[in-house]
Amino acid sequence: MVDMELAHGTFSKVIVFRLKPGTDVQQGMEEACARSGISNGVIVSAIGSLASAAFCDVINRSDLKSGYGYGAPLTLEGPLELTGISGIVCHDHSGAVNLHAHMSVCDRYGNAHGGHLTAGTKVLLTVDCVVAEIAGAVMGREYDPSMDAMLFAPSQG
């Protein structure tokens, strides 16, 4: 048997928005979701250009029970092409929007970079986003003591 947490839902609302130059991408996406009342959702598309990208990648972490976790943020200076952000719109116990998003970027030479989106990723010209709300599923993020990490905790709503 496969060990998993599973919930079912349907798309109930879609928002589209543009983040303007200088905006922090993570903060902008979280604010757009909060303003639109979306705390259970999926990032359908996010593309554009970046002045800088900040992201974390998984590394060995002997200080964590799982032995793995995110390292310190890496930063790339632009201009960069944002080829995509994918991820989920979750919330914590208080109901605050909490994104779990990963991004892919290319530098001016076509070299690809990517990882877990963090604060410090700034819009250059535009970041164009589409986010869909999921009704019927609860997209929570909770601390899992067995893994010593905040993890996705879907449940039926």
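**Notebook: pockets and salt bridges**

I looked up the largest pocket and found 17 residues lining it, with Tyr70, Arg141, Ala149, Met150 and Leu151 lying nearest its centre. The elements that give two or more residues to this lining are strand 4 (68-70), strand 6 (97-106) and strand 10 (149-156). I note that the model is a predicted one.

Which strand gives the most to the lining of the largest pocket? I find that strand 10 does, with 4 residues.

I took down the volume of the largest pocket as about 380 Å³. By class, I list 10 nonpolar, 5 polar and 2 charged residues in its lining.

Next I turned to the second largest pocket, which holds about 150 Å³ of space. I wrote down its lining as Glu5, Glu142, Tyr143, Asp144, Leu151, Phe152 and Ala153. Strand 9 (137-144) and strand 10 are the elements that give two or more residues to this lining. I sorted the lining by class and got 4 nonpolar residues, 3 charged ones and no polar ones.

I also checked one residue against both entries. Leu151 is among the residues nearest the centre of the largest pocket, and Leu151 also lines the second largest pocket.

I then moved on to the salt bridges. How many salt bridges does the count come to? I get 2.

One of them joins the side chains of Glu31 and Arg35, at 2.4 Å from N to O. I placed both residues in helix 1 (residues 25-35), where Glu31 and Arg35 are 4 residues apart, about one turn of the helix.

Is Arg35 buried or exposed? I have Arg35 as exposed, because its relative accessible area is 71% and the cut-off for exposed is over 50%.

Asp63 stands at 52% relative accessibility, so I count Asp63 as exposed.

Note on methods
Residues are numbered from 1 along each chain as its sequence is written. This is a predicted model: local features need pLDDT of at least 70, side-chain atom pairs count only at pLDDT 80 or more; totals for chains, interfaces and linings use all residues. Side-chain values use heavy atoms; hydrogens and water are left out. A salt bridge is a side-chain nitrogen of Lys or Arg within 4 Å of a carboxyl oxygen of Asp or Glu. Buried means under 20% relative accessible area, exposed over 50%, partly exposed in between (1.4 Å probe, protein chains only). On a 1 Å grid over the protein atoms alone, a cavity is a set of points where a 1.4 Å probe fits but cannot get out, and a pocket is an open set with protein on both sides within 12 Å along at least five of seven lines; lining residues have an atom within 4 Å of a point. Grid points are joined across faces, edges and corners, and a volume is the space filled by probe spheres set on the points. Ala, Val, Leu, Ile, Met, Phe, Trp, Tyr, Cys and Pro count as nonpolar, Asp, Glu, Lys and Arg as charged, and the others, Gly among them, as polar.
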